[in-house]
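Please keep the sequence and the coordinates at hand while reading.

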Amino acid sequence: MLSLVSRHVASTPRMSLARMSMWSTKFEEPLTSKQEIDSIRNTPEYERKVNVPIKAALKTATCSMFKDPLLTRFINMVQEHSNGMKGETILLETCRRIKEIQLEKFYKASPEKRDDIERNPTVIMKGAIENCRPVMQLEKVKVGSVNYQVPTPISESRSYFESMRWIHQTGRWDRDTHAPGKNMNAHKKIKPRITIADGLAKECVDAFYHQGKAINTMYEHHKSCEQNRAYAHYRRTK
């Protein structure tokens, strides 16, 4: 009986592994940025790219000069329930509040100090994200029956994610508290609603100048990594 089963298995044709892609091998990857297109323009490679089949670009790909990949990731983080329009509305309102805060500082500053005040909201938000990026991360490693928090190197994508997450969390925490110099009981004794855009704008401006709760969160994270550096050799056992 066993020989009959083995004979039947041997005679059964084997299925080849299917390629998990809808594109044929002759299709090439698209160029994802305007800089890549300009770098090969007026070259034989450009003429070849024009005449070969190209895969469809990702839905997030764009050549617009007004869209930034980093800010697009930030929009996806602050949006609620995958509502992209709400996330974009929050970002635009945050940019407006940042502009108001910086213009108020600009008009109050002396003429010789006005050139040092940044008034571009995009530059401020990207600078805040860069300033909050961690250089290490803590990973849970189980050795025997004990779990250790082991400091390990962090990837570039993960560091940007942690930075944006900290700014978003601190911005949400500040929604129910008044901003410095802002009276909550103004406007006919009615408590005005502090939106998430107000908290994000405040945290982005503070993080741009290496201040605020998001920067303190990064410092506490680095302090925890420093305290657990004795377990750094356990990351090889993961």
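In helix H4, which spans residues 69–78, the buried residues are Leu70, Leu71, Phe74, Ile75, Met77 and Val78. Buried denotes a relative accessible area under 20%, exposed one over 50%, and partly exposed a value in between, with a 1.4 Å probe and protein chains only.

The model is predicted: local features need pLDDT of at least 70, side-chain atom pairs count only at pLDDT 80 or more, and totals for chains, interfaces and linings use all residues. Residues are numbered from 1 along each chain as its sequence is written, and side-chain values use heavy atoms, with hydrogens and water left out.

Helix H6 (residues 121–131) also has a capped N-terminal end: a side-chain oxygen of Asn120 lies 3.2 Å from the backbone nitrogen of Thr122. Within H6, the buried residues are Pro121, Ile124, Met125, Gly127, Ala128, Ile129 and Asn131.

The overall architecture can now be set out. The protein chain contains ten helices and two strands, where helices (H or I, at least four residues) and strands (E, at least two) are DSSP runs, numbered from the N terminus. Read from the N terminus on, the order of elements is α-α-α-α-α-α-β-β-α-α-α-α. The protein chain has 238 residues, of which 29% count as buried. Of its contacts between residues at least 6 apart in sequence, 66% join residues at least 24 apart, a contact meaning heavy atoms within 4.5 Å.

What do the charged side chains contribute? The structure holds 16 salt bridges, each defined by a side-chain nitrogen of Lys or Arg within 4 Å of a carboxyl oxygen of Asp or Glu. One of them joins Arg48 to Glu45, at 2.8 Å from N to O. Both residues belong to helix H3 (residues 44–51) and are three residues apart, about one turn of the helix. Arg48 is partly exposed because its relative accessibility is 35%, and Glu45 is likewise partly exposed, at 32%.

Helix H5 (residues 84–108) holds both Lys108 and Glu104, four residues apart, again about one turn of the helix. Their salt bridge has its closest N and O atoms 3.3 Å apart. Lys108 is exposed, with a relative accessible area of 68%, whereas Glu104, at 45%, is partly exposed. An α-helix has 3.6 residues a turn, so residues three or four places apart point the same way. Elsewhere, a network of salt bridges links Glu93, Arg96, Arg97, Glu100 and Asp198.

Arg133 takes part in two kinds of interaction. Its side chain meets that of Glu130 in a salt bridge of 3.3 Å, N to O, and its charged end sits over the ring of Tyr160, 4.1 Å from the ring centre. A charge sits over a ring if NZ of Lys or CZ of Arg is within 6 Å of the ring centre and within 35 degrees of the ring normal. Arg133 is partly exposed at 24% relative accessible area, as is Glu130 at 37% relative accessibility. In a further case, Arg114 lies over the face of Phe106, 4.9 Å from the ring centre.

How many aromatic pairs does a search of the whole structure find? The search finds six; rings of Phe, Tyr and Trp (its six-membered ring) pair if their centres lie within 6.5 Å, with planes under 30 degrees apart counted as stacked, over 60 as edge-to-face and the rest as tilted. Tyr148 and Tyr231 form a tilted pair, because their planes stand at 50°, with ring centres 4.8 Å apart. This pair links distant parts of the chain, 83 residues apart: Tyr148 is in strand S2 (residues 146–153), and Tyr231 is in the segment after helix H10 (213–227). Tyr148 counts as buried at 19% relative accessibility, whereas Tyr231 is partly exposed at 31%. Phe208 and Tyr209 form an edge-to-face pair, 5.2 Å centre to centre with 85° between the planes. Ring pairs also link Tyr148, Tyr231 and Tyr234 into a cluster.

Notes. A polar contact is a pair of N or O atoms within 3.5 Å; within protein, one must be able to donate a hydrogen and the other to accept it, and residues adjacent in sequence count only if both atoms are side-chain atoms.
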